[in-house]
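Here is a note for a colleague who is opening this model for the first time.

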Protein chains: 2
Amino acid sequence: MLLMNVKSLCLGILTFGEATGYEIKKAFETQFSQVYDAGFGSIYPALNQLTTSGYVSCRQEQQEKRPAKKIYSITESGLDFFLKELHKAPAKDKFRSETLTKLIFADMLPRENISILIDQVIDDYNNYVVDLSDSCCEKQSQSEKFLCGFGITVRQAAIKYMQENRHLIESASSSSSQQAAE
Amino acid sequence: MLLMNVKSLCLGILTFGEATGYEIKKAFETQFSQVYDAGFGSIYPALNQLTTSGYVSCRQEQQEKRPAKKIYSITESGLDFFLKELHKAPAKDKFRSETLTKLIFADMLPRENISILIDQVIDDYNNYVVDLSDSCCEKQSQSEKFLCGFGITVRQAAIKYMQENRHLIESASSSSSQQAAE
DNA sequence: CGGAACATGTAATACGTTACATGATTAA
DNA sequence: TTAATCATGTAACGTATTACATGTTCCG
């Protein structure tokens with residue numbers, strides 16, 4: 001099992017303290033948003049499997065007019081397992097960009113389309129930087145601040161590069177593609 | 001279907017000209033290495049499915065003492081499909097780093113371990129930059145150069161950030177974790 | 001003689017997404 | 001009244017990875 005999957009990360013989140021599936025989802029949306037995102041459809045099954053493996057234990061708390069809360073805690077063997085994962089050599093970093101992938105085929109797209117595409121990525125990145133900058137201040141741990149700063153820095157560099165080099169692909173796109181595109 | 005999957009990308013590669021599965025694999029390793037990687041176990045089934053869908057056609061070339069080459073070409077309907085994919089709004093960019101993910105749990109790792117981890121990512125990034133810089137010169141199309149430069153710039157920014165900020169997490173890691181880790 | 005490159009494929013497995021299903025509470 | 005938040009889950013599907021299976025040629 002890799003570190004970067006729902007199960008391991010649920011376990012990791014539980015090292016910070018007990019939590020429900022719902023709360024774990026929120027952790028994915030905040031602390032872990034930069035490196036992972038998981039939906040309920042991944043989290044709940046993961047927690048069930050972790051329970052079966054004995055890596056987490058589950059205590060139920062009845063609530064009126066709501067489904068009972070299932071509060072999960074990491075067990076000793078769960079912590080053990082997680083630490084072993086943490087000591088394994090990490091896989092290489094991967095950057096996946098659909099936009100950049102599309103731009104490889106820039107010759108097949110009309111000029112205008114390319115410009116819109118680039119405008120949008122820049123915009124996305126800008127928004128991302130703004131969001132991170134806001135949340136960064138609230139972060140308590142050093143490692144979270146480090147991660148936050150990383151995300152900001154890298155995206156700012158990406159924005160700058162795109163602004164300075166977009167002409168390379170914006171000028172090159174041929175008009176002959178429009179017939180095929182339409 | 002998304003743009004960023006084996007099938008669409010095989011189709012995309014075939015817009016550059018006919019190719020065998022083996023050659024497509026090489027295209028993934030070179031031109032597309034930054035944005036995707038696919039093994040034979042993904043490519044061959046993909047090509048079969050694309051053939052069934054009528055998006056590619058296949059011509060066989062007998063060879064002595066080797067399995068017959070299957071040379072694939074994109075069909076009209078395949079090109080049509082690909083262009084439609086190309087015109088869809090792209091998904092948001094994702095950056096996945098196991099190392100950064102691990103570093104969120106820096107408090108649970110011994111100081112030394114963290115330093116090694118950071119040294120290794122920086123090293124990986126440096127190697128990546130070197131490889132890209134070499135291959136960049138050979139690139140013919142503008143869009144490939146753009147992508148290449150992007151990869152270099154972003155990684156250089158990442159390296160710089162890590163060098164300047166690693167102390168944030170290197171100093172914070174507690175020694176109390178060592179007992180649990182061992 | 002060993003390893004890389006050429007050449008294709010299948011089967012089992014792992015992993016995650018999406019849609020579906022249910023239903024109360026609270027704030028705008 | 002409408003959307004968001006709280007709260008859990010299943011089933012179907014899409015997608016990719018890994019290991020297995022086979023065999024030749026060429027270079028060092």
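1. In chain B, helix α1, which spans residues 6-14, includes S8(B); helices (H or I, at least four residues) and strands (E, at least two) are DSSP runs, numbered from the N terminus. With a relative accessible area of 1%, S8(B) is buried, where buried means under 20% relative accessible area, exposed over 50%, and partly exposed in between, using a 1.4 Å probe and protein chains only. Once neighbours within four places in sequence are set aside, S8(B) is in contact with M1(B), L2(B), L3(B), F81(B), F82(B) and E85(B), contact being heavy atoms within 4.5 Å.

2. A word on how to read these values: this is a predicted model, in which local features need pLDDT of at least 70 and side-chain atom pairs count only at pLDDT 80 or more, while totals for chains, interfaces and linings use all residues. Residues are numbered from 1 along each chain as its sequence is written, chains are lettered from A and ligands numbered from 1 in the order in which they are written, and side-chain values use heavy atoms, with hydrogens and water left out.

3. Two further residues of chain B are partly exposed. C58(B), in strand β1 (residues 56-61), has a relative accessibility of 36% and so counts as partly exposed; apart from neighbours within four places in sequence, its contacts are K70(B), I71(B) and Y72(B). The C-alpha atom of C58(B) is 9.7 Å from that of K69(B), eleven residues apart along the chain. N113(B), placed in helix α6 of chain B, is partly exposed at 22%, and its C-alpha atom is separated by 9.3 Å from that of E170(B), 57 residues apart along the chain.

4. The largest nonpolar core has 98 residues, and F28(A) and F28(B) have the most contacts inside it; such a core is a set of buried Ala, Val, Leu, Ile, Met, Phe, Trp, Tyr and Cys residues joined through side-chain atoms within 4.5 Å. Beyond neighbours within four places in sequence, the contacts of F28(B) include V6(B), L9(B), I13(B), Y36(B) and I43(B).

5. Which residues lie nearest the centre of the largest pocket? They are K92(A), D93(A), S33(B), Y128(B) and R155(B), out of 31 lining residues. The elements giving two or more residues to this lining are β3 (94-96) of chain A with α6 (111-138) and α7 (142-170) of chain B, and α6(B) supplies the largest share, ten residues.

6. F95(A) returns among the 13 residues that line the largest cavity, where F95(A), V154(A), F95(B), F150(B) and V154(B) are the closest to its centre. α7 (142-170) of chain A and α7 of chain B each supply at least two residues of this lining.

Key
On a 1 Å grid over the protein atoms alone, a cavity is a set of points where a 1.4 Å probe fits but cannot get out, and a pocket is an open set with protein on both sides within 12 Å along at least five of seven lines; lining residues have an atom within 4 Å of a point.
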